[in-house]
Every structure is written in structure tokens, then in C-alpha cells.
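Please have a look at the structure first.

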Amino acid sequence: NQLRLRDIHHRTKLPLVLHGGSGIGAMSLRAAVKNGIRIVNIDTELRIAFTETLRKTLRAKKTVYDPRKLLSPSIAAVADVVESKMKILGCIKKA
């Protein structure tokens, strides 16, 4: 509830953490940030991106045995999700 978030943030002046942020739409995430959320946990989304990509890679490259070649696409998939979320949350190029 966005009103509850806003109220808690204004009363406490503390940064709020959104646990279980995987699968939440862009508009809801932006609204949450507007109302005091400062950390968004998306571990499940990252695990799904990594695992689905690894499965595809293993099916496509059955003769490859170098873990670096097998894991690189999964690492890139996780980076893509992170970059996408950073854009949604407005934290690209912020220190």
C-alpha cells in the first residue's frame, strides 16, 4: 500500500527496504521508490534469469566443457536484469 509506505517514510525518515521485489511491475516499483523504498530485493528474478539461461546454454552447447563458456551467458543474463531494474528504479549513474 503506497499510502502506508509514504506515512512510514515520513514519520521515521528512514530508508525502507522492499523484500520480495521480484515480479513487481515497473509502475509499482517507481511508486514504491517515490514513497520511501530505497532498497529492492530481486533475488528470485536473478536466480530465474541465471538458471533459465544456463539450461538453454547447456542444451545448445552439449560438447562444451569449459565452465567459463557455459556460465558467461548466465552471468550476462543476470547483468541484463540488474541493468533493467536500475533503469526502472532511476539509479543509473548515481553514486
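Ala-79 sits in helix H4, where helices (H or I, at least four residues) and strands (E, at least two) are DSSP runs, numbered from the N terminus. Ala-79 is partly exposed, with a relative accessible area of 41%; buried means under 20% relative accessible area, exposed over 50%, and partly exposed in between (1.4 Å probe, protein chains only). Between Ala-79 and Leu-46 there are 33 residues of sequence separation and 8.7 Å in space, C-alpha to C-alpha.

A word on the ground rules: this is a predicted model, in which local features need pLDDT of at least 70 and side-chain atom pairs count only at pLDDT 80 or more, while totals for chains, interfaces and linings use all residues. Residues are numbered from 1 along each chain as its sequence is written, and side-chain values use heavy atoms, with hydrogens and water left out.

**The helix pair**

How do H3 and H4 pack, by angle and axis distance? Helix H3 (residues 43–60) and helix H4 (residues 67–89) pack at an angle of about 150°, and their axes are 8 Å apart. Axes here are lines fitted to C-alpha atoms, for helices over the stretch in contact, and angles run from 0 to 180 degrees between N-to-C directions.

Contact means heavy atoms within 4.5 Å. On the H3 side the residues that meet H4 include Glu-45, Leu-46, Phe-50, Thr-53 and Thr-57, and among their partners in H4 are Pro-73, Val-78 and Lys-85. By class, the residues of this contact divide into 13 nonpolar, three polar and three charged. Ala, Val, Leu, Ile, Met, Phe, Trp, Tyr, Cys and Pro count as nonpolar, Asp, Glu, Lys and Arg as charged, and the others, Gly among them, as polar.

Pro-73, found in helix H4, is in contact with Thr-53 and Thr-57, leaving aside its neighbours within four places in sequence. Lys-85, also placed in H4, touches Ile-24, Leu-29, Ile-42 and Glu-45, not counting residues up to four places away in sequence.

**Accessibility at a glance**

| Residue | Relative accessible area | Class |
|---|---|---|
| Lys-85 | 10% | buried |
| Pro-73 | 30% | partly exposed |
| Glu-52 | 44% | partly exposed |
| Lys-13 | 60% | exposed |

Lys-13 lies in the loop between helix H1 (2–12) and strand E1 (16–18). The phi of Lys-13 is near 60°, a positive value in a residue other than glycine.

**The largest pocket**

Which residues line the largest pocket? Among them are Val-33, Arg-38, Lys-85, Met-86, Cys-91 and Lys-94. A pocket is an open set of points on a 1 Å grid over the protein atoms alone, where a 1.4 Å probe fits, with protein on both sides within 12 Å along at least five of seven lines; lining residues have an atom within 4 Å of a point.

The volume of the largest pocket is about 200 Å³, taken as the space filled by probe spheres set on the points, which are joined across faces, edges and corners. Strand E2 (37–40) and H4 are the elements that give two or more residues to the lining, and E2 gives the most, with four residues. The lining has seven nonpolar, one polar and three charged residues.
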